[in-house]
Amino acid sequence: MCRRTTWKNPMTDPDKPLLRMQDISMHFGATKALNNVDFACKPSEIHAILGENGAGKSTLMKLISGVLQPTGGRIILDGQDVRLATPRVAQNLGLVCMFQELSLVPDLTVRENLLLGAPGSGLGWLRSDALVKARDVLDRIDGGHIKMSARVSDLTLPSRQQVEIAKALMRKPRLLILDEATSALNASVVTKVFDLIRAERDQGSSVLFISHRFHEIEALADRISVFRNGERVETFDNGDHSYNEIINMMVGQRIDELFPPKPPARADAKEVLKVENFSWDGRVTDISLTVHEGEIVGLGGLDGQGQGAFLMGLFGLLRTAEGKVTVAGKPVSVTSPKAAKQPDIALAFIPEDRKTEGLIQDQSILENLQLAAIGLKDLDASNPDLYQDTLERLELKHGGLELPVSSLSGGNQQKVVLAKWLALKPRCLLLADPTRGIDVKTKTQIYSMLRRLADQGTAILLLSTDYEELIQLCDETHIFYAGRLVSSMRGDDMTAQNIIAASLNVTEKRKVVHA
Amino acid sequence: MSRTITPDSMMPYFGTVVLILAGSLYFPQILTFDYLSQQLQIAAFLGLLATGATIVILLGHIDLSVPWVLTGAAILSTALVGSGNPVLSALAVPAALAFGALIGVVNGIGVAILRIPSMVWTLAVNSILLGLAVLNTGGFNPKGEASQLMVSMASGNVFGLPVSFLTWMAVSLAIVAFLTRTPFGRYLRSIGYNEKATFLSGVSTPSVVFAAFALAGMCSALGGVLLAGYANQAYQSMGDPFLLPTIAAVVIGGTSILGGRGGLFGTIGGALFITLLTSILSVMQIGDAWRSIVFGVIILAMLLFQAMRKGARS
């Protein structure tokens, strides 16, 4: 296996990029995850990628690591066009990715995981000499306690991340992609990981580094590229721009006509939903908030900071959740979705994944519409009037309600989910990122629908990964970080800068700390 | 909601007609009323079991405890009758049905609460029931006899039609109504397609699972009662030959083994087809080994045909 040596053509020109992406586009249906992006990574550099959720960072990484194939454009490695048809091809070319979703097989041991797909394995004997490098990496990043024979499912999350790092580095990458690679590690381990990454760079490897922690990027990156809405905004050397300038680049400017105007706050608005000291399993801690009649209250933060679990808990999906929930002045105990939808509580929940959680793809549009209403007293699920109003307002495009719901586009599917729940006339609507991956027109329709419902007295709790939604649509926004509510803002305080800073848990005072 | 009759569910009926016509070329007596009526009588036993299996399979699960629920119900009912006490004797059929429902609830606990895959859980329950039956009888054939009611349910005739067939049809009609006109039926299919989305729509999915397994257990028990009436006794392992044909009847009837899609109309055809196939194969002068092989091949061919039709459509 002399791959590594054949690659090592002497680098005559250090400015000649190792990897270039030219005019790269990645479209998922109508969604443009990346649009005509040019991007280059030089040899021996640590290149940080910054951007909001959905800016296209992860898509870019997936293209480089061969998980996805671009819908347009060229990928050029060492001046030659390459086609990265599978992750295996990319790895053989020295492009190794460590994903933020951990890629270890829980039921295998550390050794087995490290050898999965390792260079030289495949058919034939496993080569355990590759493990020497992995062991060395683990020892250098405080992973000395991790035994090769330990089952991955028995390891803690930080240990698993250390194994991931070892797994990536033992493949001797030319270009190493670290996608939120250190999110679970504590500060002292992170420092050691960084030393290791710098050592890799000094030996000639390049590193693409994605992180939401500014101080990490400040400490590590040579150059920084900022992405926004599937486009690369700018690339510059670390230190050329201040923290505020970088955040402004990430935010950009957009037209606000997408959103309906906000009515002035009503002083006499009644409390519809009141949550006090809500906690669950160490992942959601001590959340208290109130939603008044006519209000849209936003929940923001980076992915997986507990805001999703909080919504699920309110809907009775988390068995061990604690806390006091009051709906319309009455304390309630919501133990299941069935209890939640009864008229005396009347909560509705629009789950995050409409394809598998919100709808039954094999059933017809009509059957999906009826599923929540059916079996409820005082409600005739077979009465089409229950759904007609919502469907007309949202302009559902369909070729007949008896067709399977899978025949609809994503945006139209979400309209069905909404209509199904609005048929129950919920007192409080819980939405988990309802506009993710949906076209702009449908978004606008959903926004004005939500505002209209709020005006009619429905309390709305909206989880969003899009801060524009939080700013433009919501009357109040709460930001989650590590399971806690770290910041609540109203009115003019809701700015992109404030939301991003709160999401990263950096305020001007304490910009670093969290690790 | 008249989707109960689909091309898939018509398949076994065509197959049955083909079997009758082709069979009558060699054995003209197949076309007699007596023969066909006897087939309806026998098909009812399989049909009742398959009715229960359809419910569970629509739910996306499977019930492998059919053989020993059947046997247990047969042993229980004949033993009650055999006690000679008129009260116990009258309770024989209801007790057997209650037994079936009880085992169904046990199955429901495993599947809905403990979240053990139904294939494993119901197989274990089947094995436990076997053990209990052997403990109870000491390994000998159980004592007892069938009551007059059981005998006439299994072998009687009304208006020239076998009572067992009429019973089967009555049960089927009742369950079809239950599946198409109540929320339960909608929940059942929805869970079969996507349990998570159904639960998130505010459906108490565990209660649906319980009810489905309990109904299936009662169907198996009723099958056992009829078989005991037919043989005028219960015997060990009387249910064992029924497991594969039961599932085959459901699947041939166009019900997806993955849950959600299908219905009882097809299952009725499936039970008729398999009963007739078994009967014709047994009147043909071929050895047991070949009979089993031909039986298996024909069932595979039916399923293959369905799969190809589906593949051509999409």
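In this predicted model, buried residues account for 45% of the 515 residues in chain A. The chain is built from 18 helices and 20 strands. Among its contacts between residues at least 6 apart in sequence, 70% bring together residues at least 24 apart.

Chain A is split by the domain assignment into three parts: domain 1 covers 17-251, domain 2 is made of 254-346 plus 426-515, and domain 3 covers 362-424. Domain 2 of chain A is therefore written as two stretches, and the numbers of domain 3 fall between them. Between the C-alpha centres of domain 2 and domain 3 of chain A there are 25 Å. Where these two domains touch, domain 2 of chain A puts in 10 residues and domain 3 of chain A puts in nine. On the domain 2 side, the top contributor is helix α16 (residues 440-455) of chain A, with three residues. Sorted by class, that side of domain 2 of chain A comes out as five nonpolar, three polar and two charged residues.

A closer look at one spot in chain A starts with strand β9 (residues 223-228), which is where A:R228 is found. Is A:R228 buried, exposed or partly exposed? A residue needs 20 or more C-beta neighbours within 10 Å to count as buried, and 12 or fewer to count as exposed. A:R228 has 19 such neighbours inside 10 Å, so it lands in the partly exposed group. The C-alpha atom of A:R228 is 35 Å from that of A:V275, a residue 47 positions away along the chain.

The partner of β9(A) here is strand β10 (residues 231-237) of chain A, and the two run antiparallel, joined by six bridges. Within this pair, A:S225 sits opposite A:T235 of β10(A).

Next comes the place where the two chains meet. Chain A brings 18 residues to this contact, and chain B brings 15. On the chain A side, the elements giving two or more residues are α11 (337-341) and α12 (354-358) of chain A. Which of them gives the most? That is α11(A), with four residues. By class, the side of chain A that touches chain B holds nine nonpolar, five polar and four charged residues.

Chain B itself has 14 helices and two strands. Along its principal axes, the C-alpha trace of chain B spans about 60 × 55 × 40 Å. Why can chain B be called a compact globule in terms of its radius of gyration? A compact globule of 314 residues would have a radius of gyration near 20 Å, and the 19 Å found for chain B agrees with that. Buried residues make up 51% of chain B. Of the contacts in chain B with a separation of 6 or more, 78% are between residues 24 or more positions apart.

Helix α2 (residues 33-58) of chain B carries a kink of about 30°, and the kink is centred on B:A44. After α2(B) comes B:G60, with a positive phi near 95°.

Technical notes:
Residues are numbered from 1 along each chain as its sequence is written. Chains are lettered from A and ligands numbered from 1 in the order in which they are written. This is a predicted model: local features need pLDDT of at least 70, side-chain atom pairs count only at pLDDT 80 or more; totals for chains, interfaces and linings use all residues. The radius of gyration is taken over C-alpha atoms; the globule rule is 2.2 Å times the number of residues to the power 0.38. Two residues are in contact if their C-beta atoms, placed from the backbone, lie within 7 Å. Ala, Val, Leu, Ile, Met, Phe, Trp, Tyr, Cys and Pro count as nonpolar, Asp, Glu, Lys and Arg as charged, and the others, Gly among them, as polar. The bend at a residue is the angle between axes fitted to the seven residues ending there and the seven starting there. Two strands pair if DSSP finds at least two bridges between them.
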